[in-house]
Amino acid sequence: MFGSHTGDLPRPRLKTPGLLLEVLSTVVFVVAVTVLFDLAIPRSLVDGHSMEPTFFGDDRLVVSRVHYLLGQPQRGDILVFNSLRESELARGVMLIKRVVGLPGETVEFRDQRVHINGVALDEPYIKDEVCRRRCQDRAWQLGESEYFMMGDNRNNSNDSRSFGPVPLPKIVGRVIFRYFPVALIGAILS
């Protein structure tokens, strides 16, 4: 009964899925990973000149949605947020701007300069001196969870000066990396 002949006993079969099931499982996995990656770290395309000289038209950026799960935006952070204008919101337009004013602060323009709670803000990142026509004397009192957003190219930027403060729920995330053009690839440090 227990002889040395193993050829008489049937060999156990491995239960392996068919090729179609294996391909389908792989495709589902790749799609799930891609969707999760896009939800956590979406990509964005710069359209226009409002963030020059920091970003130029057609720059491609990586945005982190997870940065603000544990903290709040800080002055100087560059954010992507959903447009506040109804016509743009319906088309899914997102804007890229720099945080200038934080919740509870008074943002004031005086003599073409930004003042926060009465103190002039040092802004080495702006492109050119702001012309009087684009930066008339005016003040905003920010509410709880409101941020004042401005482009670095103040003379050519559609920002909080025209549409008001941005509420926290409209913020998509923080720009963390530029991956195109190749010559400018790198982390974005605010």
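Student: What share of the contacts in the protein chain with a separation of 6 or more comes from residues 24 or more positions apart?
Tutor: That share is 62%, where a contact means heavy atoms within 4.5 Å. Before we go on, this is a predicted model, in which local features need pLDDT of at least 70, side-chain atom pairs count only at pLDDT 80 or more, and totals for chains, interfaces and linings use all residues. Residues are numbered from 1 along each chain as its sequence is written, and side-chain values use heavy atoms, with hydrogens and water left out.

Student: OK. How many helices and strands are in the secondary structure?
Tutor: Three helices and 12 strands. Both are DSSP runs numbered from the N terminus: helices are H or I with at least four residues, strands are E with at least two.

Student: And how much of the chain is buried?
Tutor: Of the 190 residues, 36% are buried. Buried means under 20% relative accessible area, exposed means over 50%, and partly exposed is in between, using a 1.4 Å probe and protein chains only.

Student: Which residues touch the most other members of the largest nonpolar core?
Tutor: F109, V114 and F148, out of 13 residues in that core. β5 (106–110), β6 (113–116) and β9 (146–150) each supply at least two of its residues. A nonpolar core here is a set of buried Ala, Val, Leu, Ile, Met, Phe, Trp, Tyr and Cys residues joined through side-chain atoms within 4.5 Å.

Student: What does F148 touch?
Tutor: Leaving out residues up to four places away in sequence, its contacts include V107, F109, W140 and L142, along with R161.

Student: Switching to the sheet: in what order do the four strands of the open sheet run?
Tutor: The order is β7-β6-β5-β8, with antiparallel pairing. Two strands count as paired if DSSP finds at least two bridges between them. β7 (119–120) and β8 (138–141) are at the edges with a single partner strand each, so one side of each has no neighbour in the sheet.

Student: How many bridges hold β5 to β6?
Tutor: Four, in the antiparallel sense, and F109 has V114 as its bridge partner in β6. On the β8 side, β5 also pairs antiparallel over four bridges, with E108 opposite A139.

Student: Which residues are on the covered face of β5?
Tutor: V107 and F109 are on the covered face, while T106, E108 and R110 are on the uncovered one. In a regular strand, side chains alternate between the two faces of the sheet.

Student: What's going on in the turn between β5 and β6?
Tutor: The two strands form a hairpin with two residues between them, and D111 in the turn has a positive phi of about 55°. Q112 also has a positive phi, about 60°, although it is not a glycine. At 19% relative accessibility, Q112 counts as buried.

Student: You mentioned E52. What does its side chain meet in a salt bridge?
Tutor: K127, at 3.0 Å, N to O. E52 is in the loop between β1 and β2 and K127 in the loop between β7 and β8, 75 residues apart. A salt bridge is a side-chain nitrogen of Lys or Arg within 4 Å of a carboxyl oxygen of Asp or Glu.

Student: Is E52 buried or exposed?
Tutor: Buried, because its relative accessibility is 9%; K127 is partly exposed at 37%.

Student: How many salt bridges are found in the whole structure?
Tutor: Eight. Among them, R174 and D77 pair at 4.0 Å, N to O. R174 is in strand β11 and D77 in the loop between β2 and β3 (78–82), 97 residues apart. Both R174 and D77 are buried. Another is R161 with D159, at 2.8 Å, N to O; R161 is buried at 12% relative accessible area, and D159 is buried at 1%.
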